[in-house]
Amino acid sequence: MFWVMAAILTLGSSMAVLLPLAGGMKGIAPAGDHDLEVYRDQLAELDRDVGRGLIRAIDAGEARAEIGRRILRLGPAAQPGADNAQLSLAAKLIATVAVLAVPLVSWGLYGALGSPDLPSQPLAERLGKNPAATSVDELVARAEAHLAAKPLDGKGWDVLAPVYVRMQRFPDAVIAYRNAIRLDGESASRETGLGEAVAGAAGGVVSAEAQEAFEAALKMDPEDPKARFYLAMALAQEGRTAEAATALQGMQATLPAGSPWSIAVARALAEKEAMPPVPGSTTAAIDAAQSMPPQDRQAMIETMVVGLDEKLRQNPRDGEGWMKLVRSYVVLGKTGQARDALNRSIAVFGVDSDEARKFTAFAASLGVTVPE
């Protein structure tokens, strides 16, 4: 059936080109024929003027001679003959060969390189396959098709949302979780999933919206490890290092044996740069700052912030550095300078860039906004 349909379509398309080509030259006269007709009309008009006495005979003779010379200059091209017919025939032959060569060559290439015997795989049939023999993309497509037909299926949204998170399709995951919450109600797992999706969509920044979701989860399940971990990371992002460490240590003490979160918490506590009091701090500098008097510690922190600011002036394409600088100024209580740093970072990457949106969301989570 495939080859029959291909042959019919090829024949139809070829004939659509060949038929006009075959008759396209019949009504077209050579260019010289038109000029000859003009000169003939001029001779007839000249005879009429002589008959009416509008022109003298001697002038008419000179005019006829000039028209005759022009007719002679037209040469053989002015006469329909074998040369024009032969030229037309050659053009038709070349065009016909070219039109016929296209399907022949394409068929030959498809026969050698294509897979004409491969059975068709319609989407409906693929979505109806056994899930065990289906890829993740096909399963997601099946779920999306189901939810497009039944958008009020809260359980369907609840199943699809974490899959979106694993695929890092965070904006889609946010929509799915919100639909699941709207249709099937709040639960700790849905709220933590929503918070994780919101944070993922913001490039890992635990924004105020994400914190709200995690806090709602903890109200329903005070021991929810994901919510507790992300809220501790939010404290670290805000520069509240001691509070973040305390939260993680408390979480570590209450986790059951073998919990997968034990490794993440231990790593976060071990890697102090994951929640430094100020950006650019080394472990040695942090330890040194712990033993300093408050006034000296503040001076040290301000010195490191000034150094980071200068570094960003020399290398402004450091997105992570800009977020650290904004957070540092907030920790120091310098909101005006934090806002200035935010404005500078947006100017570097462009107002409509993804980085600018990420910076704005991060700053908003710290209480810093750009004036309208």
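A nonpolar core is a set of buried Ala, Val, Leu, Ile, Met, Phe, Trp, Tyr and Cys residues joined through side-chain atoms within 4.5 Å. The legends below describe a predicted model.

**Figure 1. Overall composition of the predicted protein model.** The protein contains 18 helices and zero strands. Of its 372 residues, 33% count as buried. The accessible surface of the protein amounts to about 22,200 Å², and carbon and sulfur atoms account for 60% of that surface.

**Figure 2. The largest nonpolar core, with Leu-194 and Phe-214 as the residues having the most contacts inside it.** This core has 29 residues. At least two of its residues are supplied by each of the helices H6 (136–149), H7 (154–166), H8 (170–184), H9 (188–201), H10 (208–220) and H11 (225–237). Helix H8 provides the largest share, namely seven residues. Another core, of 22 residues, lies apart from the largest one and includes Trp-322, Leu-332, Phe-359 and Ala-363.

**Figure 3. The surroundings of Phe-214.** When its neighbours within four places in sequence are left aside, Phe-214 is in contact with Thr-192, Gly-195, Glu-196, Val-206, Ala-227, Tyr-230 and Leu-231. Phe-214 is also one of the residues with the most contacts inside the largest nonpolar core.

**Figure 4. Aromatic pairs around Tyr-230.** A pair of aromatic rings is described by the distance of the centres and the angle of the planes. The protein has four aromatic pairs. In one of them, the ring centres of Phe-214 and Tyr-230 are 4.9 Å apart and the planes meet at 15°; planes under 30 degrees apart count as stacked, so this pair is stacked. Phe-214 belongs to helix H10 and Tyr-230 to helix H11, and the pair links distant parts of the chain, 16 residues apart. Both Phe-214 and Tyr-230 are buried. For Phe-229 and Tyr-230, the ring centres are 6.3 Å apart and the planes stand at 90°, so this pair is edge-to-face. Phe-229 and Tyr-230 are both buried. One aromatic cluster is formed by Phe-214, Phe-229, Tyr-230 and Trp-261.

**Figure 5. Leu-235 in helix H11.** Leu-235 has a relative accessible area of 17%; because buried means under 20%, Leu-235 is buried. Apart from its neighbours within four places in sequence, Leu-235 is in contact with Arg-240, Glu-243, Ala-244 and Ala-247. Between Leu-235 and Val-206 the C-alpha to C-alpha distance is 9.1 Å, and the two residues are 29 residues apart in sequence.

**Figure 6. Ala-361 in helix H18 (residues 354–365).** The relative accessible area of Ala-361 is 27%, and this residue is therefore partly exposed. Ala-361 and Val-205 are separated by 156 residues in sequence, while their C-alpha atoms are 7.8 Å apart in space.

**Figure 7. A nonpolar patch on the surface, formed by Val-4, Met-5 and Ile-8.** Together, Val-4, Met-5 and Ile-8 have about 280 Å² of accessible area. Ile-8 is part of helix H1 (residues 2–23). The relative accessibility of Ile-8 is 52%; since exposed means over 50%, Ile-8 counts as exposed.

Key:
Residues are numbered from 1 along each chain as its sequence is written. This is a predicted model: local features need pLDDT of at least 70, side-chain atom pairs count only at pLDDT 80 or more; totals for chains, interfaces and linings use all residues. Side-chain values use heavy atoms; hydrogens and water are left out. Buried means under 20% relative accessible area, exposed over 50%, partly exposed in between (1.4 Å probe, protein chains only). Helices (H or I, at least four residues) and strands (E, at least two) are DSSP runs, numbered from the N terminus. Contact means heavy atoms within 4.5 Å. Patches are made of residues with over 30% relative accessible area and no salt bridge: like charges are joined within 9 Å, nonpolar side chains (Val, Leu, Ile, Met, Phe, Trp, Tyr) within 5 Å. Accessible areas come from the Shrake-Rupley method with a 1.4 Å probe; for residues, only the protein chains shown count as cover. A salt bridge is a side-chain nitrogen of Lys or Arg within 4 Å of a carboxyl oxygen of Asp or Glu. Rings of Phe, Tyr and Trp (its six-membered ring) pair if their centres lie within 6.5 Å; planes under 30 degrees apart count as stacked, over 60 as edge-to-face and the rest as tilted.
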